[in-house]
Amino acid sequence: IGAGGTAYNNANSYIGVGDTNTAESASQTGLQAPTNKLYKAMEATYPSRASQTVTWRAVFGSSEANYAWNEFTVANGSSDAATNLNRKTSVQGTKAAGQVWTIDLSITIS
């Protein structure tokens, strides 16, 4: 939020995807996949905010993250060493070479 530390803005925000289905826990500080994981920078104009919802967007190109998409996170850096805002598991299918996938990750603060 910019109140100290590294902000979750366009210059610093990344969406991470990985292939593990390990259940999420508040104690986790990054993606849990040991190898199949990738953090991708934001698209222009993201993150965006509408009312109480913030949305981050990243586009994974045809040669990136070609594995099962089972876990997601928003981080203020490009690795598990960054501060991860959240981590969620959700089976989204397997991205194949040649495909371009866009991920929108929204968090509503209430």
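Start by selecting β1, and look at both of its faces: Y14, G16 and G18 sit on one side, I15 and V17 on the other, and all of them are buried. So, five of the five residues in β1 are buried, under the cut-off of 20% relative accessible area. In a regular strand, the side chains alternate between the two faces of the sheet. Keep in mind as you click around that this is a predicted model.

**Stop 1**

Which residues are the bridge partners of Y14? In β2 the partner is A41, and in β5 the partner is A75.

**Stop 2: T73**

Stay with β5 and pick T73, which belongs to this strand. Is T73 buried or exposed? T73 has a relative accessible area of 0%, and buried means under 20%, so T73 counts as buried. Show what surrounds T73: leaving out residues up to four places away in sequence, T73 touches Y14, I15, G16, L31, Y39, N84, N86, R87 and L105.

**Stop 3: the largest nonpolar core**

Next, select I15, V17, W56, F60, W69 and I103 together. They have the most contacts inside the largest nonpolar core, which has 16 residues in total. Colour by element and you can see where this core comes from: β1 (14-18), β4 (53-60), β5 (71-75) and β7 (101-108) each give two or more residues. Which element gives the most? That is β4, with four residues.

Not counting residues up to four places away in sequence, W56 touches Y8, S13, I15, M42, Y46, P47, V74, L85, I103, D104, L105 and I107.

**Stop 4: a sheet of three strands**

Hide the rest and show β3, β4 and β7. They make an open sheet in the order β3-β4-β7, with antiparallel pairing. The edges are β3 (48-50) and β7, each of which pairs on one side only. Look along the sheet and you can follow the twist, which averages 25° from one strand to the next. Zoom in on β3 and β4, which pair in the antiparallel sense over three bridges. Here R49 stands opposite V54 in β4.

**Stop 5**

Go to the loop between β2 and β3, where you will find P47. Look at the peptide bond that joins Y46 and P47: this is a cis bond, with omega about 0°. T45 is found in the loop between β2 and β3 as well. The phi of T45 is near 75°, a positive value in a residue other than glycine. T45 has a relative accessible area of 65%, and exposed means over 50%, so T45 counts as exposed.

Finish in the loop between β4 and β5, where A65 has its place. A65 has a positive phi too, near 55°, again in a residue other than glycine. Is A65 buried or exposed? The relative accessible area of A65 is 6%, which is under 20%, so A65 is buried.

Key:
Residues are numbered from 1 along each chain as its sequence is written. This is a predicted model: local features need pLDDT of at least 70, side-chain atom pairs count only at pLDDT 80 or more; totals for chains, interfaces and linings use all residues. Side-chain values use heavy atoms; hydrogens and water are left out. A nonpolar core is a set of buried Ala, Val, Leu, Ile, Met, Phe, Trp, Tyr and Cys residues joined through side-chain atoms within 4.5 Å. Buried means under 20% relative accessible area, exposed over 50%, partly exposed in between (1.4 Å probe, protein chains only). Contact means heavy atoms within 4.5 Å. Two strands pair if DSSP finds at least two bridges between them. Axes are lines fitted to C-alpha atoms, for helices over the stretch in contact, and angles run from 0 to 180 degrees between N-to-C directions.
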